[in-house]
Amino acid sequence: MAEKTESELVVDLREQSIETLDDFWDAVTGPCGLPEWFGRNTDAWRDTIQTRGISEVIDRYDVLVVHVDRQGVFAARNREARALRSSFAGRRSRLVVHS
């Protein structure tokens, strides 16, 4: 019996300046195939990566893996930064923060 292998969509945003959530939305829109009507907020992002049905690109893969540097919004300890990081919780997505 064949074993199913997980497919991963890897989006590498290292060495990109991501100081704000808008910078993050700008950076992931193309590689993740986000539609024009995408909400550009953490609730919409959570739905996109966990529930699926919003991005045909993301939906083609079992897991979304996003690599970022620990700077800008990913170094911040504010509410927005925590919400963005926590939206990756689950089996269908991973955020990898590099030092």
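1. Helices (H or I, at least four residues) and strands (E, at least two) here are DSSP runs, numbered from the N terminus. Asp43 and Arg46 both sit in helix 2, three residues apart, about one turn of the helix. Their side chains meet in a salt bridge at 3.5 Å, N to O, the term meaning a side-chain nitrogen of Lys or Arg within 4 Å of a carboxyl oxygen of Asp or Glu.

2. A note on the basis: this is a predicted model, where local features need pLDDT of at least 70, side-chain atom pairs count only at pLDDT 80 or more, and totals for chains, interfaces and linings use all residues. Residues are numbered from 1 along each chain as its sequence is written, and side-chain values use heavy atoms, with hydrogens and water left out.

3. The whole structure has five salt bridges. One of them pairs Arg94 with Glu8 at 2.7 Å, N to O. That pair links distant parts of the chain, with Arg94 in strand 3 and Glu8 in strand 1 (residues 8-12), 86 residues apart.

4. Arg40 also bridges to Asp26, with the closest N and O atoms 2.9 Å apart. Here Arg40 is in the loop between helix 1 (21-32) and helix 2 (42-51), while Asp26 is in helix 1, 14 residues apart.

5. Now Ser99, in the segment after strand 3 (93-98). Ser99 counts as exposed because its relative accessibility is 89% (buried is under 20% relative accessible area, exposed over 50%, partly exposed in between; 1.4 Å probe, protein chains only). Its C-alpha atom is 6.1 Å from that of Asp69, 30 residues apart along the chain.
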